[in-house]
Amino acid sequence: MALELKVPSIACSGCIDTITKAVMELDSSASVKGDVQGKSVSVETTASEDAVKEAITKTGHTVA
């Protein structure tokens, strides 16, 4: 499943790294691409959208 999520709390590449690690813990075969300027994350995963959003939220980021 391909997800395009707005994450307004992204401030730097470190934020992308944190989000990537959280999603990879959920689905080790996931593909995560972050856009710092666009404050968004593209995720290709077999996990549900709700599970991905929850994993990102647990890192302290907000998903719009």
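**The strands**

Select strand S1 (residues 2-6) and strand S3 (residues 40-44): these two run antiparallel and are joined by 5 bridges. Strands (E, at least two residues) and helices (H or I, at least four) are DSSP runs, numbered from the N terminus; two strands pair if DSSP finds at least two bridges between them. This is a predicted model, in which local features need pLDDT of at least 70, side-chain atom pairs count only at pLDDT 80 or more, and totals for chains, interfaces and linings use all residues. Residues are numbered from 1 along each chain as its sequence is written, and side-chain values use heavy atoms, with hydrogens and water left out.

Then move to the hairpin of S2 and S3, with 4 residues between the strands, where Lys39 takes a positive phi near 50°.

**The helix**

How many salt bridges does a search of the whole structure find? The search finds 2, a salt bridge being a side-chain nitrogen of Lys or Arg within 4 Å of a carboxyl oxygen of Asp or Glu.

Select Lys53 and Glu49, whose closest N and O atoms are 3.1 Å apart in a salt bridge. These residues are separated by about one helical turn, because they lie 4 residues apart in helix H2 (residues 49-58).

Finally, select Lys58 and Glu54, which form a salt bridge at 3.3 Å, N to O. They too are 4 residues apart in helix H2.
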